[in-house]
Each structure stands twice: as C-alpha cells, then as structure tokens.
Amino acid sequence: MKIAIAQLNPTIGDLAGNAQQILNAAQEAAAQGVRLLLTTELSLCGYPPRDLLMQPSFVDAIAITLQQLARSLPPQLAVLVGMVESNGRSPQDGGKALFNSTALLERGKVQQIFHKRLLPTYDVFDEDRYFEPGLQSNSFTLDGLRIGVTICEDLWNDEEFWGKRNYTANPVADLANQGVDFIVNLSASPYSAGKQRLRELMLQHGSKRYQQPLIYANQVGGNDDLIFDGSSVAFNRQGEMVGRAKAFAEDLVVLEFDSAQSDFQVGAIAPQPENDDAEIWSALVLGVRDYVRKCGFSKVVIGLSGGIDSSLVAAIATAALGSANVLGILMPSPYSSDHSVTDALELARNLGIQTHTLPIDKLMHTYDETFADLFAGTKFGIAEENIQSRIRGNLLMAVSNKFGHLLLSTGNKSEMAVGYCTLYGDMNGGLAAIADVPKTRVYSICQWLNERMKDENGRSSQSSQFPIPNPQTPIPPNVLVKPPSAELKPGQVDQDSLPSYEILDDILDRLIHQHQSPNEIAAAGHDPALVEKVSRLVTRAEFKRKQAPPGLKITDRAFGTGWRMPIANRWVGTIQPATNLPASSGKQTAAQSY
C-alpha cells in the first residue's frame, strides 16, 4: 500500500481554499498510485482557529465543505482530513460543544470520524476551551490493514520518554495493544528552535518501544504569531527513519507499506537546515511571508537605522517578499552618527530595496518649542529621548497608511524583555518580526547569513537563497562590529543602560525559559544586584509587551499567545529570603521608561 503525507499550508477560515489544497494533493497522490492520503490537524479550517470555533455558522460551514470535498476526491483514494465535529450530546451530558476530529473520506462519503483524545492546555494551546476529549481508541481497516489514528498531542504522553505522564491515557500504547499494523498522526505542531530534533527522538522511541511503524504529518506555514515547520516524518517498527518531508515548505511525501514485512520501506528523506541559525532564518522568512500574504498585504515598510536589528528584519523581508516589495525609511536626527546613515544605505544597496530619507531635526525642534513652557526647569531625559522614537513611529505609520504597506517593527527579544523600547515609537507596527529573537542570536544569524551567502555565491551565482545585488555580504560588516545604540542622545550606546548582551541574554534565558529564581541565577555566577535589576525590569515592562504587535514565535517561551503574566504585579523574586515584610511604597516607576 502506498501512503502519502500532504504537508499543506492552510489559511485559517479559508475553507474553500484549504479544501482545494487538499483536493490538489489528492489528485497528485492518486496519479502516483497512492491508496491513503494523510492531511494535518484541522487541515480543513486551519490551525489554530481559536474563537472562530465559537461561531456556529463557521462550524456548519466546515461540515458542508467536508461533504463537498468528499464528493470531489478521486474515487480510488482514501483521505484523512482534519476537521471539527459537533458534540451532539453536550446539551444533555454537559461538556464542550465540539471535538477536534479527523474524518476518513472515501468513495464520495464520510466513512468514519475520529476524535482527539489528549487536549493540550499549556503554552499557546487552549484546546479544552473549545473541545471535548475523545474517549475511545481510533482505528479503521483499509485493504486488510488496520490503521491506528492519533491527532497531535495523542503522541506526546509516553511516560518512559518524558519521565512522567501528563495525561491518564496513552493513545499510542492503547493502539499497539490492539495490534494495529501502523499508526498515523495528524499534527499542527508549532515551531520552536530545536523542536524537530525532540520530535524525532520521541517518535523514534515510541516506534521502537511499541514495535509500531509511525507516520507523523505536520502542518507547515505561518498563522499569526505561530510558525509551523512541516518536517513530517515516518519511522519503521525498528525506530529507523524511512521518510521525511521538507522543512518550512509544502510537500507531498509517498511511503510504501510492505504487508509481507509488516513495515515501511525506506523512502525519500529531506535534509534539515544545517544549524539553528539556518533553521530560525527559514522560520522567520516563512512567518513574515505568510503573515503578509494571509493578512492581505503585498509590501512592507521598515525603519532603517543602520543597526543590526533593522538590518536583519530588512534581509528577512527581502527573502520573504522580494526586494521590490520592501521599502526602507531612514530618519536621521542630530544625534545620528554618520555610519548609521551610510550603513543603512549600504544595506539597502546590498538587498536592492528602495529607500527614502526623512530627517527629523525640524520635527524635534517643533516639539521642543511646544513643550518649552511645560518642561521649563527640567533636565533633558527619557521623555525627550522617547519623543525622537515617537516621531519616527508616527512617520512610519503615515507611510504605512498612505501606501498600504505593512509596518514591520524591528525590536528583539532582549529589548522586549527589559522594556528597552518605546511605546508608540519603535514598537509601532503590524508585525514584530524578531521579537522572539535574543540580541545575541540576532548577531549570530546575521553572521551566518553573510557566511552562507559568500559560500553560495562562490559555488554558483544562481544558488543564493534569495536574489540580491550583493550576495557576498548582505549585512554590512560595520553593522556587525559597531556598538549597538539607539542614538537618542550624544555618544549613547545600549550598554549605558544595560549589561553586555551576552550577560543579559544568559540571565533572561535562565529567568524566562528555565524558570530559575534570582537566587539560582546569582548562584550560577551572575552579579546579584544585576540579576535583581533585570528581574524587576522584566516585570515592569509587562504593560509594554501587552501593547506590542504580534511577534513571530521561535522559542519555547515567547512574549505572545503563550505568555500570560499579569501587568499589575509586584512579584519579581528576591536574592535573599525576606526576614521581615517591608511596607510597600505603593510606587511603580514603569511609566518613566515608556
């Protein structure tokens, strides 16, 4: 039997478009003699549909589209389609009104429907907000083979692999005990750096432990802040990889199940990105491209400062959309260094993108005159510095409004974590492309990109990852070596206000990703006073992050859908246990760093 994985890129809510994608894949699979085609979790409506599921008309339309799709499919092909089904017993028995389900379509009809058993409620997942868990093992028989069906999280509860159980049921163990011939899994598993390695280790362990061939079909594409990397994969019962789809691209992978051997034959195995920088780059390019496309834009605008962050965002946007669809705006002030302008222009030439220069010195002077009486007798400070950022933010939004370009903000995760950013200024935008990328990783990706472009250009002038006039060094060398600076006052550098980014990013990683306390971070060798300062900055900046544009998620702990911290919050952790309970001052100074 030939089984194919349709690794598709659905758009949430585009039922007709998603159904057409499935139909196209089905026709291609049928032409290759495939008997069973797998799609991904909620492939018909796109994942995650979130509160669209609370609209009865949306659920009804899914059911109608499913029936239409069933009638259109090639008659010799059986297809597993991700969809939602109403829970008809919820009005009498209680429980949620829907199931997260998979439908088996064959011979023009919906033959069977299977329900997801394990519903995740961590990080970005809210599935028990909408769905009732299935209670039964799922399997069907096709041409004499018994095939077990699981949906995404159903695979992620192997207590032997994880060292604990998160759910009472283990759907894979249940199906193995029932003697199925192989197990398929329809997934929509969001990307984070290094996650595919973990998935493959988990799947390999499960196939060997239960002596079960496994096929894992994963969604690809960007939906809002989430990126799905695809990389669908299959293992035989010995735990050997027998097939893998492309990373960060649509694909159709055909596998052969040998009934005599009761196992899969080795098929095509697509390579993975060469390292974490390459992987994150591919994720961000896909995330920007899909966010722009699926939100109805075609062009983007970016503020170019000559710094590392805006340089990386411009390179990502160029790779995602093409240089003709990226507009760079330079907005020098009296405090801007000469190299900030020359580096920005060199970047634009390298990428082949159009630029406009809008000096802000006259606007700054007008603000000074306007505030002269009100600010009389006060010192130049953060408020005046932030006016420059807000002038630039206003100009960029005006360009966005005038020409219909999506504004990409350029702040990184290190800045977002500690609030080193300006509300209604550099935080303006429709998408924060690198908001989940720490500053040290920004440098690493830029260095990798330059080296990769040099290598590819040396092999072939046509082999570059994206066509730009100067593929040798897309990021100007000076951008990689000069001290980072917001340039809001003379001689300013980031390290006037922050520790070195190597130190800051390690503290933030321990605090945000590893959930270490300030005491634990200090015990790891960091200065206790600095650790406490960073912890307080992270807490105080929450109100800013709540007002930021959506940011593409590339780590396991992003400031997005899965980050649910209170804004009015006094808990920051302490370096030493409190022996007394001090009276609260009742004051917070977060407003000073707007």
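The questions and answers below concern a predicted model, and they take up a pocket and then a pair of helices.

Me: Which helix gives the most to the lining of the second largest pocket?

Reply: The second largest pocket holds about 850 Å³ of space, and of the 35 residues that line this pocket, the closest to its centre are Ser192, Ala193, Lys553, Thr555 and Asp556. At least two lining residues come from each of α6 (195-210), α7 (276-294), α12 (413-418) and α15 (501-513). The helix that gives the most, with 5 residues, is α15.

Me: How many residues in the lining of the second largest pocket are charged?

Reply: Sorted by class, the lining of the second largest pocket contains 18 nonpolar residues and 6 polar ones. The number of charged residues in this lining is 11.

Me: Are α7 and α8 roughly parallel or roughly perpendicular to each other?

Reply: The axes of α7 and α8, the latter covering residues 308-321, come within 8 Å and cross at roughly 65°, and this crossing is right-handed. Angles of 65 to 115 degrees count as roughly perpendicular. The two helices, α7 and α8, are therefore roughly perpendicular.

Me: How many residues of the contact of α7 with α8 are nonpolar?

Reply: On the side of α7, the contact involves Trp281, Leu284, Val285, Val288, Arg289 and Val292, which meet Leu312, Ala315, Ile316, Ala319, Ala320 and Leu321 in α8. Among the residues of this contact, 1 is charged and no residue is polar. The number of nonpolar residues is 11.

Conventions: Residues numbered from 1 in each chain as written. Predicted model: local features only at pLDDT ≥ 70, side-chain atom pairs only at ≥ 80, totals over all residues. Heavy atoms only, no water. 1 Å grid on protein atoms, 1.4 Å probe; cavity = no way out; pocket = protein on both sides within 12 Å on 5 of 7 lines; lining within 4 Å. Points joined across faces, edges and corners; volume = space filled by probe spheres on them. Helix = DSSP H or I, 4+ residues; strand = E, 2+ residues; numbered from the N terminus. Nonpolar A, V, L, I, M, F, W, Y, C, P; charged D, E, K, R; others polar. Axes fitted to C-alpha atoms, helices over the stretch in contact; angles between N-to-C directions. Parallel < 35°, antiparallel > 145°, perpendicular 65-115°, else oblique. Left-handed = near helix turned anticlockwise from the far one by under 90°. Contact = heavy atoms within 4.5 Å.
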